[in-house]
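Good morning, and thank you for coming. I would like to take you through one structure today, and I ask you to keep it in view as I speak.

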Amino acid sequence: MTSTMIKLPGYLIFNLIYDGSRTQVYRGQQKSNQQPVAIKILKSDYPTFTELLHFRNQYAIAKNLTLPGVIQPYALANYRNGFALVMEDMGGVSLKDYTTEQPLELGEFLHIAIQIAQSLEGLYQNRVIHKDVKPHNILINPDTKQVKLIDFSISSLLPRENQVLQNPSGLEGTLAYISPEQTGRMNRGIDYRTDFYSLGVTFYQLLTGSYSPKRGESSHPQAGERYHSQVNG
Ligand SMILES: Nc1ncnc2c1ncn2[C@@H]1O[C@H](COP(=O)(O)OP(=O)(O)O)[C@@H](O)[C@H]1O
Ligand SMILES: [Mg+2]
């Protein structure tokens with residue numbers, strides 16, 4: 001893992017904080033002003049067109065949002081054959097990691113849940129649909145309990161004249177969390193309510209700590225049946 005440390009001009013890189021199948025996230029510092037940053041890169045030497053598009057998209061959409069509940073992107077730098085997304089470091093860990101050991105106690109859940117709901121309301125006011133709301137894409141600072149959204153890779157900005165996105169482009173998002181209309185298998189556009197559907201599944205997991213449904217079950221039983229009928233026909 002030590003050999004995987006990256007180099008990016010203008011930044012000091014401290015440590016790897018996430019090593020996924022497609023991306024890595026590092027903590028570091030901007031040299032010019034000592035600002036703490038988180039830096040996300042694509043692991044592949046030859047990123048696909050879609051991966052590059054997702055990086056541009058997350059930068060472009062989040063850059064235009066100045067909401068306290070959204071992690072601010074600072075820069076989209078060229079890195080190898082792709083990009084490095086340089087963003088705000090709030091000292092956060094994902095809500096997935098934060099709750100995997102044990103579910104949240106009710107008071108803490110409410111404190112967190114209200115913040116996420118407010119962030120989604122902010123997105124709605126800015127005509128942005130996140131489309132991938134889940135505990136992995138929400139950060140919490142374990143000390144302050146402040147919560148912020150990340151990962152606008154597949155988010156959409158709605159046109160001013162229309163509050164509905166027609167013809168969702170195939171299956172995007174994470175199956176266990178997405179609304180039936182977001183599967184692309186319904187003759188229906190999607191709007192801000194798709195994020196609130198995912199928020200419901202997220203709340204269920206935060207309260208139960210349950211992330212791994214047994215075979216034939218879902219962490220959200222009704223949703224499970226619905227995915228089955230929507231996706232498998
Ligand atoms: N700004 C950040 N601060 C701390 N951790 C982060 C930050 N951004 C991402 N992460 C961590 O990296 C993980 C993957 O980041 P994400 O943007 O969701 O990438 P992907 O597109 O691979 O899903 C998150 O679940 C979180 O654990
Ligand atoms: Mg993510």
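Predicted model: local features only at pLDDT ≥ 70, side-chain atom pairs only at ≥ 80, totals over all residues.

Let us begin with ligand 1. Which residues come nearest to ligand 1? Of the 19 residues around it, these are Tyr18, Thr23, Ala38, Ser94 and Asp151. Sorted by class, the shell holds eight nonpolar, seven polar and four charged residues.

I turn now to helix α3, which covers residues 106–125. This helix has 20 residues and reaches 28 Å from its first C-alpha to its last, close to the 28 Å expected at 1.5 Å a residue. Its buried residues are Ile112, Ile116, Ser119, Leu120 and Leu123. Seen down the axis of α3, these buried residues fall within an arc of 100°, so they line one face of the helix. What do the buried residues of α3 pack against? Their partners are β7, β8, β9 (147–149) and α4. On the face turned away from the buried side we find the exposed residues Leu106, Gly107, Leu110, Ile114 and Gln125. After α3 comes arginine 127, with a positive phi near 60°.

Helix α4, residues 193–208, has 16 residues. From first C-alpha to last, α4 reaches 23 Å, close to the 22 Å expected at 1.5 Å a residue. Among its buried residues are Thr194, Leu199, Val201 and Leu206. Seen down the axis of α4, the buried residues fall within an arc of 165°, so they too line one face of their helix. Just after α4, glycine 209 has a positive phi of about 70°.

Finally, consider histidine 136, in the loop between β7 (128–129) and β8 (138–140). Histidine 136 is partly exposed, with 19 other C-beta atoms within 10 Å. Leaving aside residues up to four places away in sequence, histidine 136 touches Ser94 and Lys96. Ser94 is also one of the residues that come nearest to ligand 1. Aspartate 97 is 39 residues from histidine 136 in sequence, yet the two are 7.6 Å apart in space, C-alpha to C-alpha.

How values were computed
Residues numbered from 1 in each chain as written. Chains lettered and ligands numbered in written order. Near = placed C-beta within 6 Å. Nonpolar A, V, L, I, M, F, W, Y, C, P; charged D, E, K, R; others polar. Helix = DSSP H or I, 4+ residues; strand = E, 2+ residues; numbered from the N terminus. Expected span 1.5 Å × (residues − 1). Buried ≥ 20, exposed ≤ 12 C-beta atoms within 10 Å, placed from the backbone. Arc of directions from axis to C-beta. Contact = placed C-beta atoms within 7 Å.
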